Amino acid sequence: MTAQHPAQGPGRGRVQVAVCGPGECTERERGHARETGRLLARHGAVVVCGGLGGVMAAAAAGARAAGGTVVGVLPGTDRDAAGPDLTVALPTGLGQARNNVIVNAADAVIVIGGSWGTLSELALAMRAAVPVVQIGGWRVLDHDGRPAPGIVHAADAAEAVAATGLFGPPAR
């Protein structure tokens, strides 16, 4: 019998990692997101995202190009705005409240870049005790001006995926 990751088991299925970031992003953020999606797919993880543009689209494209599965949790009531690289598009009609669905579906959250929506996903993940790894973006400080505890900062996609603690070396 093969060993399962702690996030796997009866009823759990494959590891699911949310990749969160702004719908409008920089080329650097886009590159980090695409590589993050690619690496997650190589590890066999399902990528969960908001299903729209920017970081979400880049992560989806990276995962899909590597043969991965991508679930987009859409804010609207139909699939018209869904990115082309999604395996599954879930229209929710929840608007920004869909961020809670994204976070609760995840075994870990990787945040790339910053926006108000991205900050809400980071906060929801921290409240739900879902591991959070951040590449760039906004820095959250506590009431004394120190970095908020619990957020792991990574320099690039490989470091971020490793910092989730969900994977060993990728399959060859």
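**Entry 1. Ground rules and confidence**

I number residues from 1 along each chain as its sequence is written, and I use heavy atoms for side-chain values, with hydrogens and water left out. In this predicted model, local features need pLDDT of at least 70 and side-chain atom pairs count only at pLDDT 80 or more, while totals for chains, interfaces and linings use all residues.

I looked up pLDDT, the predictor's confidence in each residue, from 0 to 100. The chain average is 92, and 91% of the residues score at least 70. Over residues 1-7 the pLDDT is below 50; beyond near neighbours in sequence, that stretch has 10 contacts in the model (contact: heavy atoms within 4.5 Å).

**Entry 2. The sheet**

I took helices (H or I, at least four residues) and strands (E, at least two) as DSSP runs, numbered from the N terminus. Strands pair if DSSP finds at least two bridges between them. I found an open sheet of seven strands in the order S4-S3-S2-S1-S5-S6-S7, with parallel pairing. The edge strands, S4 (88-91) and S7 (151-154), each pair on one side only. From one strand to the next, the twist averages 25°.

I then checked S1 against S5: the two run parallel and are joined by four bridges. Alanine 18 stands opposite valine 109 in S5. Helix H1 lies across S1, S2, S5 and S6, and runs at about 155° to S5; axes are lines fitted to C-alpha atoms, for helices over the stretch in contact, and angles run from 0 to 180 degrees between N-to-C directions.

**Entry 3. The nonpolar cores**

I applied the core criterion: buried Ala, Val, Leu, Ile, Met, Phe, Trp, Tyr and Cys residues joined through side-chain atoms within 4.5 Å. Buried means under 20% relative accessible area, exposed over 50%, and partly exposed in between (1.4 Å probe, protein chains only).

The largest core has 32 residues, of which Val17, Val19, Leu40, Val70, Ile110, Ile112 and Phe167 touch the most other members. Elements giving two or more residues to this core include S1 (16-20), H1 (27-42), S3 (69-74) and S5 (108-112). H2 supplies the largest share, six residues. A second, separate core of 17 residues includes Val46, Val73, Val130 and Ile151.

I also listed the contacts of isoleucine 110, leaving aside neighbours within four places in sequence; among them are Val17, Val19, Leu40, Val133 and Val161.

**Entry 4. Helix H2**

Why is H2 described as largely enclosed by the rest of the structure? Eight of its 11 residues are buried, so the helix is largely enclosed. The buried residues include Val55, Met56, Ala58 and Gly62. Their cover includes S1, H1, S2, S3, H3 (98-104) and S5. Just after H2, glycine 67 takes a positive phi of about 80°.

**Entry 5. Salt bridges**

I counted four salt bridges (side-chain nitrogen of Lys or Arg within 4 Å of a carboxyl oxygen of Asp or Glu). Glutamate 35 pairs with arginine 38, the closest N and O atoms being 2.6 Å apart. These two are three residues apart in H1 and therefore separated by about one helical turn. Glutamate 35 is partly exposed at 29% relative accessible area, and arginine 38 is partly exposed at 29%.

Asp142, Asp144 and Arg146 are linked in a network of salt bridges. The closest N and O atoms are 3.6 Å apart for aspartate 142 with arginine 146 and 3.1 Å apart for aspartate 144 with arginine 146. Aspartate 142 is partly exposed at 24% relative accessibility.
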